Amino acid sequence: MTILDDVTTWVPVAPLERLGVDRGAGAMVGPWQVAVFRVAGDDVYALSNFDPFSQAYVLSRGIVGTRGDVPKVASPVYKQSFDLRTGVCLDDPAVAVRVFPVRVVEGVVEVGVPPSDRS
Amino acid sequence: MTRPTLVVAGNGMVGHKLVEALAERGGLDAWRVVVFGEERRLAYDRVALSSFFDGATEDDLTLVAPGAYDEIEVHLGDPIAGIDRAAGTVTSAAGVQVAYDALVLATGSYPFVPPVPGSGLPGCFVYRTLDDLEAIRHDASGRRVGAVVGGGLLGLEAANALRNLGLEPHVVEFAPRLMPMQVDDGGGAVLRARIEALGVHVHTGMQTTELAAGDDGRVAQMRFADGTSLDVDLVVFSAGIRPRDELARACGLDMGERGGIVVDSACRTSDPRIFAVGECAVADGRVWGLVAPGYDMARVVARRLLGGDAEFAGADMSTKLKLLGVDVACFGDVSTGESITFSDAVNGVYKRLVITPDGTRVAGGILVGDATAYTTLVQMARGDMPTPDDPAALIAPAAGAEPVGVGALAGTATVCSCNNVTKSAICDAVAGGATDVGAVKACTKAGTSCGGCVPLVTQLLNHELAAAGVEVTTHLCEHFAYSRQELFDLIRVHRIGTFAELLARYGTGRGCEVCKPTVASILASLGAGYILAGEQAALQDTNDHFLANLQRDGTYSVVPRVPGGELTPDQLIAIGQVAKDFGLYTKITGGQRIDLFGARVDQLPAVWARLIAAGMESGHAYGKALRTVKSCVGETWCRYGVQDSTSLAIQLELRYRGLRAPHKLKSAVSGCARECAEAQGKDFGVIATEKGWNLYVCGNGGMRPQHAVLLAEDLDTDTLIRYIDRFLMFYVRTADRLERTASWFNKLEGGIEYLRRVVMDDVLGIAEDLEADMQRHVDTYECEWKATIEDPEALARFRSFVNVDGPDPNVVFVRERGQIRPARQEEKPTPLEVLL
């Protein structure tokens, strides 16, 4: 879980148990489409849902797994993998998707929006 | 500058090879080439002629690549009729006259018809050209008994062809055994037993003295020197060949004692401007009656025409054949030295190995019924590979445990004798980046003719890759050091029910997009039930997860099942109404179904609730599963159909619907040989015959188109289904991840014969098991969409966002031709992600 100082708004998304283990879910957080992932061990990650290779909002529908020790999701369209922690594409490090801060408060998953992005 | 003119007389396999070899060396810039051919077709594969009766088409057999003859003047159906050596001209039958600077005679041979009274009667044929085969096929319809005169290689092929045409086949051979030129008495006896077991009647030691006509003037009876006779409806002569040398004879070129045009080691005749190649030529005192030596001669002449000094040095007459499914191979010299013989009459296997007099080397050998050791032994006989201390072990029944490595082969060793490809050429191809058999075939041509060398090519490829430090691994991914087939066996044998359990026992890490769907597919094949139950849901690719096909804009398409392509007007209206109400784009698919595009995740359950209410069910268009069984209307409506193809297609589609496989599966049933359902382009296809069903398998190569192969003929429906059950389950168990049936088949050692032995003869003893697996699939099948609609927990997944209702605002459609299509990037607002 990442907690950034400049997060001023935490948007509750869903109770943790509503999210399937090793599977993503789409969420609207302000103007953003976010892909929220709950992996085994109950770590939670949030990336932009936008797949830069297909330009479709689909990362939440990818298969979650690992490459070495890196937790990742593979885009369901052309199968590029993204690091769940950093958003960096593991197959093309020049490409990255936005990472959102995420936390679980009293069993509810919250995604953080930096002040400049609040809508 | 004007180019000198080369005239080539004949466009058979060897004449074509000459043109090809010349073109490959840039010879078309140096020579103007004029080709005359008697047949009306460009060169085709005469060696594979019999496959014409197995469903191969003229296109399959052609040897000429598109465009290869663009720069060449070709006169087809117009043979050369005369040569004027003094003037340096040839004149064709149609009167075309061409002045030549060089002339190559590639006129081949003609089938020998013994001078027996009655041999010219209607109903008598030879077996040499596609036209001959077409004539036989045309004449065979409705006839009962067919006889072949000649028990050599081609005669046995012809007998098989008659059998395929539905005639009772007989082979009449003058010599005391079959294939007298190739095998010895022991081998001939085993061969005879194997061939008789296939329903071919064999008569050896029989001299035909007369063919007698019936009342209709057609051939009706064969009479023999011993006073016996055989009633026949059709006779095919296959009693050897004679060189076609009449052109050369008429213009005074030197002739061999028993005919044929005498040539020197440069393949030059007694006139230095005229060459002769192939079966019309006598080189080194003999006619070389195989295609490989003919090809060698063609290459020699091509080099000579370009100023080179190549020589024809004789050729290896080793042959390996599959006759009616029986392996027959002979190689090297079997005339001198000590023999070691292994004979197993029960299993129809005979092997004889001849060792050089000093006992150190393999001189030659004969293999009948099991020719697996052939490639290795040939290389030993040629001196390209060291002979082990005990060569007899190579033909012993338990041999083959530790084959001599391909690393021991000399670089100059010929691996593919059809195309004259050496080990070095294959190693160069691998060094140049070829990493699979297909790539090696494409850049060296090895294995592209008879295919007999593919196992050796594969071994060489793997050996070279390993030597180059390229890890030849069949590991599925970093999480499992096993191939798909191994995982399948582990899951089956240890009754593993979940991915987590498999990972804990045999894997590392947490899995990925490669292993998760693969294991999900294996679990589904083994009957693990509803694919979205429990943990299985997390393993599925998005298509299987949402039971629909992801399209490029993130929406999904929906395909209801239309078994056999048959649906009622009410169903058609229901589909149309659903499409209209949800604003979906509709298109008829290539597989006789209707595809509805543009549905969002949150719309899928509502769309399916409507379709299910209208009596439709999931078409599994999203899964690596059986998709469609396409059909024509068959005898029900069609005036040519001979069976009810629609009913069978529906039956097959309902039986195998939802079956999870390494790759998606397609099928078709055609009601007659016109093949309107294109069954030969499918993973399994069925074509109706007058007597039942012909089963074709392993077509559909995806981006590399491949024809299906005939597995079995004239089956009744029960047997057909049993064979398909076994075939499909065998494929499901043993193929690699995402491997189509066509590529799986290409890698299958032993090819179609092996597949036949597994599916039809049950040599592995697993047929019952495979059938039971399939029966369980059939018994436990349920429509995944019906199950989903009835399960609130599963339904909860179908929403665009977990925290708000409503659609993905970034999905935008525009209208085109009265329907929706996804907006292109420039037609959409720029995504927020890209703006920042």
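How much space lies in the second largest cavity? About 40 Å³, where a cavity is a set of points on a 1 Å grid over the protein atoms alone at which a 1.4 Å probe fits but cannot get out, and a volume is the space filled by probe spheres set on the points, joined across faces, edges and corners. This is a predicted model, in which local features need pLDDT of at least 70, side-chain atom pairs count only at pLDDT 80 or more, and totals for chains, interfaces and linings use all residues. Residues are numbered from 1 along each chain as its sequence is written, and chains are lettered from A in the order in which they are written.

Lining residues have an atom within 4 Å of a point. For the second largest cavity they include B:Trp608, B:Tyr622 and B:Trp785. By class, that lining has eight nonpolar, three polar and no charged residues, with Ala, Val, Leu, Ile, Met, Phe, Trp, Tyr, Cys and Pro counted as nonpolar, Asp, Glu, Lys and Arg as charged, and the others, Gly among them, as polar.

The largest cavity has a volume of about 110 Å³. Among the residues closest to its centre are A:Tyr57 and B:Lys828. Its lining has seven nonpolar, three polar and three charged residues.

Now the cysteines. Zero disulfides (cysteine sulfur pairs within 2.5 Å) turn up over all chains. For B:Cys477, the nearest cysteine sulfur, that of B:Cys515, is 3.7 Å away.

Key. Side-chain values use heavy atoms; hydrogens and water are left out. On a 1 Å grid over the protein atoms alone, a cavity is a set of points where a 1.4 Å probe fits but cannot get out, and a pocket is an open set with protein on both sides within 12 Å along at least five of seven lines; lining residues have an atom within 4 Å of a point.
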